[in-house]
Structure formats: C-alpha cells, structure tokens
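Trainee: Could we go through this structure together? I am new to it and would like to begin with its overall division.
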Amino acid sequence: MDKYLLAVLVDNKPGVLTHIAGLISRRAFNIESISAGYTEETSVTRINIVVSVASENELRQVVTQLSKLIDVVKIVNLTQFESITRELVLIKVHATKENRAEIIDVVNIFRARIVDVGAENVVVELTGDAKKIDALSELLSDYGIIEIARTGAIALSRGPVPVKKMQGTYGPVQPLS
C-alpha cells in the first residue's frame, strides 16, 4: 500500500470533517492520519488526509468520491508537488535520576524539546517528518514509552502558489516515503 497526502479545502461548516472521514472509511480506504484547521480565509477549512491505497486507480476513486461532496472546494494531491511535510509528536517517557541525562542527550540530538518533567517521567516534543519522529520514538522506547500523541501529517507546497490556486491534477504520482 502506498500513502498519499491530500490537501482538501472545504467550506468551514459543522460536520464536514465527519462527512469526509465517513465517505473514505465507507469505501474501505484506510486513513493513516487526518487533521483539520483554519486557513487564511475564515470561510475555508483545510483538511490534510494521508490515505493508504493499493493503486493510483484507488487514489482516483478517493478523490472522485470526495469531489462529489457539496462542501468540498478543492482537492490537491500534495505528493505530486515538492512540498514541506511535518508532524508534531508528544512522547511521555519513563525517566529516573539515573537515565534522565541519557534521555536529554537523545532529545538534543533530534533537536526536540523537553516540555514537562515529573518525578518519574519526561514529556518530549518534536516537530519533523515521519521518519524523524519514528527514529526518536524507537530510541526512546529503550527507556519505556508511557504514551504518544501524534498530529498526523500537514503540508504546504514549496514556492509562492497556494493550494487554492493549484490545479487538482491526478496524473502519475509518487507516494509518500
């Protein structure tokens, strides 16, 4: 299965996110991550969806079904364009007096931050691509991860053209790594 990141611009109305997630899941496509937030226009919400599909044909089916929803303004497959993709993660890790310095060293190597310190744990914050987050998680697992919260991918295309002015092309595409 390949992963693709879709930027979906929708009317800023209650229930739109639920409709989109429901439509994708009813068609048995897997949503790897989904996030929604305000844009530079108050009437528009941007939904970033990472979907796993077996083929470009299935990706076209997802896009075709989404485009039928009345509240969808535009859909752009950002995996087709040079873009900047990031996630945010918070990781709560077991920390003792004996291993706290080691954990701090690992955190510093990744340019992450410790945002909370408790008697028996620390909370680490990292922003980066999925590979960087996965690598930090793997190293911190040696200390005992208590809890993880990840935002899922968000992305912006490189250059001056915003998604609202991009063509929603669906030709040959490269999946996310």
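Mentor: The domain assignment divides the protein into domain 1 (2–82 + 159–165) and domain 2 (84–154). Such bounds come from an automatic or database domain assignment. This is a predicted model, in which local features need pLDDT of at least 70 and side-chain atom pairs count only at pLDDT 80 or more, while totals for chains, interfaces and linings use all residues. Residues are numbered from 1 along each chain as its sequence is written, and side-chain values use heavy atoms, with hydrogens and water left out.

Trainee: What separation is there between the centres of domain 1 and domain 2?
Mentor: Taken over C-alpha atoms, the two centres are 29 Å apart. Six residues from domain 1 and five residues from domain 2 take part in the contact, where contact means heavy atoms within 4.5 Å.

Trainee: How many helices and strands does the protein have?
Mentor: The protein has four helices and nine strands, and their order along the sequence is β-α-β-β-α-β-β-α-β-β-α-β-β. Both are DSSP runs, numbered from the N terminus: helices are H or I with at least four residues, and strands are E with at least two.

Trainee: What is the pLDDT like across the protein?
Mentor: The average pLDDT is 91, and 94% of the residues score at least 70; pLDDT is the predictor's confidence in each residue, from 0 to 100. Over residues 169–175, however, the pLDDT is below 50, and this stretch has 22 contacts in the model beyond near neighbours in sequence. Where pLDDT is low, the predicted coordinates should not be read in detail.

Trainee: Turning to helix α1, which of its residues are buried?
Mentor: In α1, which spans residues 16–26, the buried residues are Val16, Ile20, Gly22, Leu23 and Ile24. Buried means under 20% relative accessible area, exposed over 50%, and partly exposed in between (1.4 Å probe, protein chains only).

Trainee: And what covers the buried residues of α1?
Mentor: Their cover includes the strands β1 (2–11), β2 (30–38), β3 (44–53) and β4 (72–77), together with helix α2 (56–67).

Trainee: What comes after α1?
Mentor: Alanine 28 follows α1 and sits in the loop between α1 and β2. Its phi is near 65°, a positive value in a residue other than glycine. Alanine 28 counts as exposed because its relative accessible area is 69%.

Trainee: What about the phi of arginine 111?
Mentor: Arginine 111 has a positive phi of about 55°, although it is not a glycine. Its place is the loop between α3 and β6 (113–117). With a relative accessibility of 75%, arginine 111 is therefore classed as exposed.

Trainee: Is arginine 100 buried or exposed?
Mentor: Arginine 100 has a relative accessible area of 18%, so it is buried. Arginine 100 belongs to helix α3 (residues 100–109). Apart from neighbours within four places in sequence, arginine 100 contacts Ala95, Val117, Gly118, Ala119, Asn121 and Val122. Between arginine 100 and tyrosine 143 there are 9.5 Å in space, C-alpha to C-alpha, although they are 43 residues apart in sequence.

Trainee: Finally, where is aspartate 142?
Mentor: Aspartate 142 lies in the loop between α4 (130–140) and β8 (145–150). Aspartate 142 is exposed, because its relative accessible area is 65%.
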